[in-house]
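Please read them with the structure open.

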Amino acid sequence: MVFGNLLQGIAGNFSEQNRETLLKEYGQYLLEGEEIQSGYKLIRDSIIFTNIRIIFTDKQGVTGQKVSIKSIFLMTIVNVEMETAGAGIDDSEITITYLDNVFLKAHTEHSLTHQFEFPKKTDIIPLYTYLFNLAYQNRLRINGLD
């Protein structure tokens, strides 16, 4: 199991972690009322999905005591794409497009993308449908149609 996770990590794939483990390790970084929905680990780094944001942790250095934490707020996600694994050695991928600016005003939108790669065996459809529904609701809200 550890060797398999290490191989997936070397290949750039995330393996799913349980909420209790993630909460124990990263609970101190959560906002009041923020709850971990799911999370994935890549050797020492993690992606954590909460009810408010996606948290990226990057443990640095030999000891991993230096930690960089970045977030993408769920309310900024405006598009989601999915590619499932094929018959070969392909991985599954989810790509999100999100707005990078705080104030949503006409002609000032700036978007970025982020791609997540998962092992072939990971069922990414629930995560995709969750994020896609979020993107749809965000588009309705941004355009005043909610």
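1. **Ground rules.** This is a predicted model, where local features need pLDDT of at least 70, side-chain atom pairs count only at pLDDT 80 or more, and totals for chains, interfaces and linings use all residues. Residues are numbered from 1 along each chain as its sequence is written, and side-chain values use heavy atoms, with hydrogens and water left out.

2. **S1 to S2.** Helices (H or I, at least four residues) and strands (E, at least two) are DSSP runs, numbered from the N terminus. Two strands count as paired if DSSP finds at least two bridges between them. Strand S1 (residues 15–17) runs antiparallel to S2, and three bridges join them. Ser-15 has Lys-41 of S2 as its bridge partner. As background, strands of a sheet pair through backbone hydrogen bonds, either parallel or antiparallel.

3. **S2 to S3.** These two strands are antiparallel, with six bridges. Tyr-40 stands opposite Ile-47 in S3. Leu-42 has Asp-45 of S3 as its bridge partner. Look at the turn here: the hairpin of S2 and S3 has two residues between the strands, and Ile-43 takes a positive phi near 55°.

4. **S3 to S4.** The strands run antiparallel and share four bridges. Ile-48 is partnered by Ile-55 in S4.

5. **Burial of S2 and S3.** Buried means under 20% relative accessible area, exposed over 50%, and partly exposed in between (1.4 Å probe, protein chains only). S2 is mostly covered, with six of its seven residues buried. Strand S3 (residues 45–50) is mostly covered too, with five of its six residues buried.

6. **Thr-57.** This residue is in strand S4. Is Thr-57 buried or exposed? Thr-57 is buried, at a relative accessible area of 3%. Contact means heavy atoms within 4.5 Å. Leaving aside neighbours within four places in sequence, Thr-57 is in contact with Tyr-26, Asp-45, Ser-46, Ile-48, Val-67, Ser-68 and Ile-69. The side chains of Thr-57 and Tyr-26 are also joined by a polar contact of 3.5 Å. That term means a pair of N or O atoms within 3.5 Å; within protein, one must be able to donate a hydrogen and the other to accept it, and residues adjacent in sequence count only if both atoms are side-chain atoms.

7. A salt bridge is a side-chain nitrogen of Lys or Arg within 4 Å of a carboxyl oxygen of Asp or Glu. How many salt bridges does this rule give? The count comes to three. One is between Lys-41 and Glu-25, whose closest N and O atoms are 3.2 Å apart. Lys-41 lies in strand S2 (residues 36–42) and Glu-25 in helix H2 (residues 19–26), so the pair ties together parts that are 16 residues apart in sequence. Lys-41 is buried, with a relative accessible area of 17%. Glu-25 is partly exposed, at 26% relative accessibility.

8. **Salt bridges: Glu-25 and Lys-59.** Glu-25 forms a salt bridge with Lys-59 as well, with the closest N and O atoms 2.4 Å apart. This pair links distant parts of the chain: Glu-25 is in helix H2 and Lys-59 in strand S4 (residues 53–60), 34 residues apart.

9. **Salt bridges: Arg-53 and Glu-34.** Here the closest N and O atoms are 2.7 Å apart. Arg-53 is in strand S4 and Glu-34 in the loop between H2 and S2, 19 residues apart. Both Arg-53 and Glu-34 are buried. Elsewhere, salt bridges that share partners join Glu-25, Lys-41 and Lys-59 into one network.

10. **The S6-S7-S8 sheet.** This is an open sheet of three strands in that order, with antiparallel pairing. Its edge strands are S6 (77–83) and S8 (111–118), each pairing on one side only. Neighbouring strands are turned by 15° against each other on average, direction ignored. Strand S7 (residues 92–99) and S8 pair over eight bridges, and Ile-96 stands opposite His-114 in S8.

11. **Helix H3.** Helix H3 (residues 125–142) lies across S6, S7 and S8, and runs at about 155° to S6. For these angles, axes are lines fitted to C-alpha atoms, for helices over the stretch in contact, and angles run from 0 to 180 degrees between N-to-C directions.
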